[in-house]
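Please look at this protein with me, from single residues up to the whole chain. Keep the sequence and the 3D view side by side as you read.

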Amino acid sequence: HLSPGNLFIIGGRPSAGKTALSLQMACEMARRGLRVCYFSLETGPDTLAARIIANRLAVPLADVKAKTVPQSDLDSLADLHKLTLFIRSASGKGTGWIKAQAQRMKAQVIFIDYLQLLTVSKAKDRYTSISIALHELAQTTGILVVALAQLNRNAAHASPSTADLKESGQLEQDADAILLLSADKEEYQAILAKNK
């Protein structure tokens, strides 16, 4: 349900594959000609770019960071430079800053990794404030907002549900679609928990 003006939540516990999946989605959307802006609140843009390269070449991330990947392999990624994909550090920033940046860059799709790290002016009901702000951002600008969300750690080996989203009530209400990821050893699972 990746339509303009929608809020799409990707939830998962740490190491469930949220960032990896969202980077692949961002690249694919940019490849289709959309202007995509990826706002990272936790990982630096250089590391995310290295992850994209490692994924495309199917090589370990450490090899990309250590610059031991053959030049001929890197040359095959020339098309990556043409993608309308912009990766921005948003550490310490809030939804207002992200909205201003997205509009300035004429983004059609934005990714936020991850929403619990966004700053809010009021500490009370912070996740409710963030959820409402992201929903309004999507609706008022027509931008597709894909926000990653950390799930509670309880029941680590059970299949995740929307109840595992922190302050789930507001997020569940505001989101147009929710995809929940889980990982158990080598097995990854994705559940489409909501799709308006």
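Is Thr-19 buried or exposed? This is a predicted model, and every value here is computed from it. Thr-19 is buried, because its relative accessible area is 14%, and buried means under 20%.

Thr-19 belongs to helix α1, which spans residues 18-31. Leaving out residues up to four places away in sequence, Thr-19 touches Tyr-38, Leu-48, Arg-51, Asp-113 and Leu-148. Tyr-38 will come up again below.

## The whole chain

Now step back to the overall layout. The protein has seven helices and seven strands. Along the sequence they follow the pattern β-α-β-α-α-α-β-α-β-α-β-α-β-β.

The protein has 196 residues, and 44% of them are buried. What share of contacts joins residues at least 24 apart? Among contacts between residues at least 6 apart in sequence, the share is 68%.

Ala-147 gives one example of a contact across the sequence. Ala-147 sits in strand β5, residues 144-150. Its relative accessible area is 0%, so Ala-147 is buried.

Find Ile-9 next. Ala-147 and Ile-9 are 138 residues apart along the chain, yet their C-alpha atoms are separated by 5.0 Å. Not counting residues up to four places away in sequence, Ala-147 touches Leu-7, Phe-8, Ile-9, Ile-10, Ile-112, Leu-115 and Leu-134.

The largest nonpolar core holds 28 residues. Which of them touch the most other members? They are Ile-9, Ile-110, Ile-112, Leu-115, Leu-134 and Val-145. At least two residues of this core come from each of β1 (7-12), β2 (36-40), α5 (95-104), β4 (109-113), α6 (126-141), β5 and β6 (177-184). Helix α6 gives the most, with five residues.

Leu-134 deserves a separate look. Leaving out residues up to four places away in sequence, Leu-134 touches Leu-7, Thr-95, Ile-112, Leu-115, Leu-118, Val-145 and Ala-147.

## Two aromatic pairs

A pair of aromatic rings is described by the distance of the centres and the angle of the planes. The structure holds two such pairs. Tyr-38 and Phe-111 have ring centres 5.6 Å apart and planes at 15 degrees, so this pair is stacked. Planes under 30 degrees apart count as stacked. Tyr-38 is in strand β2 and Phe-111 is in strand β4, so the pair ties together parts 73 residues apart in sequence. Tyr-38 counts as buried because its relative accessibility is 1%. Phe-111 is also buried, with a relative accessible area of 0%.

The other pair is Phe-39 with Trp-97, and it is edge-to-face. Its centres are 5.9 Å apart, with 70 degrees between the planes. This pair links distant parts of the chain: Phe-39 is in strand β2 and Trp-97 is in helix α5, 58 residues apart. How do the two partners sit? Phe-39 is buried, with a relative accessible area of 0%. Trp-97, at 27% relative accessibility, counts as partly exposed.

## One side of helix α5

Which residues of α5 are buried? They are Thr-95, Ile-98, Gln-101 and Ala-102. These residues cover an arc of only 125 degrees around the axis, so they lie on the same side of α5. An α-helix has 3.6 residues a turn, so residues three or four places apart point the same way.

The buried residues of α5 pack against β2, β4 and α6. After α5 comes Lys-106, whose phi is positive, near 55 degrees.

## Cysteines

A disulfide is a covalent bond between the sulfur atoms of two cysteines. How many disulfides are counted here? With a cut-off of 2.5 Å between sulfur atoms, the count comes to zero. Cys-27 counts as buried, at 7% relative accessibility. Cys-37 counts as buried too, at 0%.

Conventions: Residues are numbered from 1 along each chain as its sequence is written. This is a predicted model: local features need pLDDT of at least 70, side-chain atom pairs count only at pLDDT 80 or more; totals for chains, interfaces and linings use all residues. Side-chain values use heavy atoms; hydrogens and water are left out. Helices (H or I, at least four residues) and strands (E, at least two) are DSSP runs, numbered from the N terminus. Buried means under 20% relative accessible area, exposed over 50%, partly exposed in between (1.4 Å probe, protein chains only). Contact means heavy atoms within 4.5 Å. A nonpolar core is a set of buried Ala, Val, Leu, Ile, Met, Phe, Trp, Tyr and Cys residues joined through side-chain atoms within 4.5 Å. Rings of Phe, Tyr and Trp (its six-membered ring) pair if their centres lie within 6.5 Å; planes under 30 degrees apart count as stacked, over 60 as edge-to-face and the rest as tilted. The arc is that of the directions from the helix axis to the C-beta atoms.
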